[in-house]
Every structure is written in C-alpha cells, then in structure tokens.
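This report walks through the fold of one protein chain. Please look over the sequence and the model before reading on.

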Amino acid sequence: MHPIIKEITTTGTPLNEILEKYHSKDNDFEVFFVEVVKSLLFDITNEKEYLSKIDKAIMGGHQDQNIYMLFIIICIMSPVLSKHIAKSKSLLSIASGCSQKGLEPTISALLLQAKARVKNREGNIVESELLMKKATKLLPENHPRYRYVLTNYASALGSQGRLKDLSEGEMLKIKSYTEGPLVFAYLETNISNSILTGKFTNGLSFINDFRYYFQGDRTYKIASSVEFVGSFWLRKLSQ
C-alpha cells in the first residue's frame, strides 16, 4: 500500500501533512497534488493555469488507484471547482468510470461525499444528503476518518437548517471532537443552523464560542434577518 494511502486509511493526520511528508518530489502528479491541497487553504492567483494543471494531471494519471481517486475527490471539493460545475461533473464522471474494485473504504466514503458536493451544487439536495449519509455507513465509528465523514454530513444538514435530522448520538459525537478543524466545523455548522432556523440567540452564542476558540481567525456578521454571511470556506480534510 502506498504510504500516503496507508496514512489516510489508518490515521487522522491532516492530508496536507501526509502529502508533505510522503509525496515524491520526482513525481509530477504528487507534486501538483500538494499544490491542490494548498489551494483548499489559500486563494488561487491564476485560476486558468490551475485548471489546466488539473487536466494535465488527470490525463497523466497515477499508478496507484487510490491516490488517483483521492486527487479527483480533493479537486472536486476545491473552492475553485465550486464555480465550475461542468468541470466538477466531468471529474466525477471520470471517477465513476474508473474501477471501484480495490478502493479503500475511506476513499469510497470520500468519493460519495464528493458526489454529494456536486449534487448539492446542481441543486439536487435530497440526493446529496442521501450520499452524505451513505458515506457515514462505509466506515466503522472507531475509524480515524469517521469523525470527518460524519462532520461533513452534519455540515451539509446545518447549511440547510436541518441539524435536527442528526440522531442524538451523532450530535453528541460531533460535539465531543476536540481537534481544531472539527471544533471549527461543529461551531460553523451550529451557527449556520441557528441562523437558518431563526434561533439567533443560539447563533450568537456559537459565534462567541467561535471567537473564543479562533481569535482573529475569521469574522462573521449577520447581513439581514434571513441572510448569514461567513467569511470562510471550511477545509475539513486539509486543516
């Protein structure tokens, strides 16, 4: 098993740290993969060139099926691709056309959530939610990546004001996670859910918690009684 995939499937180490440690500097695909993951954290200055590099990497491929699929998944989740639905669908089509045999369950779960992301961008909310929920069933609850998959599902529900659809047990789990990115996600999810359900007092309480845990990190403001604006896009996999 490739060391990148071994780390992804057996640890909770952030993807950016794994790639920095295990990518081959002689492998152009893996070198660009590092760049793609960084794009989740920082703005892209030359979007056209970035998209061209994605095409080149996809055409060149990688000898490891799981790394190739993980690359496609991360590209789909990239903020840049959120503005290019056709490109996201194209990448998803490529992923779907690849053999799923031999994919690690962790990669399969993340692929389902990438599909859910595309469906959400298309406005197919129901199918998106089903895919998100299905992904949580592919990993045992004690798996080191389960918490990220569950948190992604909770975030999807929270963005629609439907966090109540989580079971009590699932809510307790995401509340108990202590890693910075997961605390970040828990607060973001509850802020969004509170605003969308009109529970502004709860929302302000979570905003205060956010300010406490992430001082100077991000800012929020309530733009109107029905619109909530957050100045960030959560990079759950990479932080």
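## Terms and basis

A contact, as used here, means heavy atoms within 4.5 Å. Helices (H or I, at least four residues) and strands (E, at least two) are DSSP runs, numbered from the N terminus.

This is a predicted model: local features need pLDDT of at least 70, side-chain atom pairs count only at pLDDT 80 or more, and totals for chains, interfaces and linings use all residues. Residues are numbered from 1 along each chain as its sequence is written, and side-chain values use heavy atoms, with hydrogens and water left out.

## Overall fold

The protein has 12 helices and two strands. Its order from the N terminus is α-α-α-α-α-α-α-α-α-α-α-α-β-β.

Of its 239 residues, 49% are buried (under 20% relative accessible area; exposed is over 50%, partly exposed in between; 1.4 Å probe, protein chains only). Among contacts between residues at least 6 apart in sequence, 62% join residues at least 24 apart.

## Helix α5

Helix α5 covers residues 65-77. Its 13 residues should span 18 Å at 1.5 Å a residue, and the end C-alpha atoms lie 19 Å apart, which agrees. The expected span is 1.5 Å times one less than the number of residues. At the N-terminal end, Asp64 caps α5. A side-chain oxygen of Asp64 sits 2.9 Å from the backbone nitrogen of Asn66.

Because 12 of the 13 residues of α5 are buried, the helix is largely enclosed by the rest of the structure. Among the buried residues are Asn66, Tyr68, Phe71, Cys75 and Met77. The buried residues pack against α1 (3-10), α2 (15-22), α3 (28-39), α4 (47-60), α6 (85-97) and α7 (105-121).

## Helices α2 and α3

The axes of α2 and α3 come within 10 Å and cross at roughly 155 degrees. So α2 is roughly antiparallel to α3 (over 145 degrees; under 35 is roughly parallel, 65 to 115 roughly perpendicular, the rest oblique). Axes are lines fitted to C-alpha atoms, for helices over the stretch in contact, with angles from 0 to 180 degrees between N-to-C directions.

The crossing is left-handed: the near helix is turned anticlockwise from the far one by less than a right angle. Leu15, Asn16, Leu19, Glu20 and Tyr22 in α2 meet Glu30, Phe33, Val34, Val37 and Lys38 in α3.

## Helices α6 and α7

What is the angle between α6 and α7? They pack at about 150 degrees, with axes 10 Å apart. Their crossing is left-handed. On the α6 side, Ile85, Ser88, Lys89, Leu92, Ala95 and Ser96 take part. They meet Leu111, Lys115, Val118 and Arg121 in α7.

Methods. Polar contact = N/O pair within 3.5 Å; in protein donor to acceptor, adjacent residues only side chain to side chain.
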